[in-house]
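Q: I'm new to this one. Can you walk me through it in short steps?

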Amino acid sequence: QVQLVESGGGLVQPGSSLTLSCAASGSISSFNAMSWYRQAPGKQRELAASISGGSTNYVDSVKGRFTISRDNAKNTLYLQMNSLKFEDTGVYYCNARSEITKFGVWLPSDYWGRGTQVTVSS
């Protein structure tokens, strides 16, 4: 039973910055990867950013503006968002993935937070 709790969302104006946090109930170093997904109103959920080992990946629309990071000592994942745009509006979800292979079977497990709302509006 892994619990992920997001925080830091809010209402901001275009061009503003916001930092999201995801606090995990256990050691985040045990996860193979952690990610931030987002879902805009009326749109399908998309992967915004992910971090695995020393590698990070971002969807094209946020490259250069968002930075994903983690603090293993605090068991917390972060998403620093700069130069926010209207299209960044949505619910942001924290995801943690564990990958285990037993008896030749790949068993990925995904854990999700309940999300935090980010609204960019003038």
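A: Start with one definition: a residue is called buried when its relative accessible area is under 20%. D88 has a relative accessible area of 0%, so D88 is buried. One caution: this is a predicted model.

Q: Okay. How many salt bridges does a search of the whole structure find?
A: The search finds 6.

Q: Which residue does R65 meet in a salt bridge?
A: The side chain of R65 meets that of D88, at 2.8 Å from N to O. That pair links distant parts of the chain. R65 is in the loop between β6 (55-58) and β7 (66-71), while D88 is in the loop between β8 and β9. They are 23 residues apart.

Q: And why does R65 count as buried?
A: Its relative accessibility is 10%, so R65 falls under the 20% limit.

Q: What about R38, which residues does R38 bridge to?
A: One partner is E46, with the closest N and O atoms 2.8 Å apart. R38 also forms a salt bridge with D88, again with 2.8 Å between the closest N and O atoms. R38 lies in strand β4 (residues 33-39) and D88 in the loop between β8 (76-81) and β9 (90-102), so this pair ties together parts 50 residues apart in sequence.

Q: Is R38 buried or exposed?
A: Buried, with a relative accessible area of 5%. E46 is another matter: at 29% relative accessibility, E46 counts as partly exposed.

Q: So which residues end up in one network?
A: R38, E46, R65 and D88. Salt bridges that share partners join them.

Q: New topic. How many aromatic pairs does the structure hold?
A: The structure holds 2. In one of them, the rings of F31 and Y111 have their centres 6.0 Å apart. Their planes are at 55°, so the pair is tilted.

Q: Where do F31 and Y111 sit in the chain?
A: F31 is in the loop between β3 (18-24) and β4, and Y111 is in strand β10. The two are 80 residues apart, so to speak a link between distant parts of the chain. F31 is buried at 9% relative accessibility. Y111 is partly exposed, with a relative accessible area of 25%.

Q: Which rings does the charged end of R45 sit over?
A: One is the ring of Y37, with the charged end 5.5 Å from the ring centre. The charged end of R45 also sits over the ring of W112, 4.0 Å from that ring's centre.

Q: What is C94 in contact with?
A: Leaving aside neighbours within four places in sequence, the contacts of C94 are L4, E6, C22, M34, S35, W36, L77, Y111, W112 and G113. W112, whose ring lies under the charged end of R45, is on that list.

Q: How far apart are C94 and S21?
A: In sequence, 73 residues. In space, 8.5 Å from C-alpha to C-alpha.

Q: And S98, what is S98 in contact with?
A: S98 is also found in strand β9. S98 is buried, with a relative accessible area of 14%. Beyond its neighbours within four places in sequence, S98 touches S30, F31, N32, L107, P108, S109 and Y111.

Q: Which residues make a nonpolar surface patch?
A: I100, V105 and L107 make one of about 230 Å². I100 lies in strand β9 and counts as partly exposed at 40% relative accessibility.

Q: Last topic, backbone angles. What is the phi of S83?
A: About 50°, a positive value, although S83 is not a glycine. Most residues other than glycine have a negative phi. S83 lies in the loop between β8 and β9. At 40% relative accessibility, S83 counts as partly exposed.

Q: And what about the phi of F103?
A: F103 has a positive phi of about 55°, and F103 is not a glycine either. F103 is in the loop between β9 and β10 (105-112). F103 is exposed, with a relative accessible area of 84%.

Definitions and conventions:
Residues are numbered from 1 along each chain as its sequence is written. This is a predicted model: local features need pLDDT of at least 70, side-chain atom pairs count only at pLDDT 80 or more; totals for chains, interfaces and linings use all residues. Side-chain values use heavy atoms; hydrogens and water are left out. A salt bridge is a side-chain nitrogen of Lys or Arg within 4 Å of a carboxyl oxygen of Asp or Glu. Buried means under 20% relative accessible area, exposed over 50%, partly exposed in between (1.4 Å probe, protein chains only). Helices (H or I, at least four residues) and strands (E, at least two) are DSSP runs, numbered from the N terminus. Contact means heavy atoms within 4.5 Å. Patches are made of residues with over 30% relative accessible area and no salt bridge: like charges are joined within 9 Å, nonpolar side chains (Val, Leu, Ile, Met, Phe, Trp, Tyr) within 5 Å. Accessible areas come from the Shrake-Rupley method with a 1.4 Å probe; for residues, only the protein chains shown count as cover. Rings of Phe, Tyr and Trp (its six-membered ring) pair if their centres lie within 6.5 Å; planes under 30 degrees apart count as stacked, over 60 as edge-to-face and the rest as tilted. A charge sits over a ring if NZ of Lys or CZ of Arg is within 6 Å of the ring centre and within 35 degrees of the ring normal.
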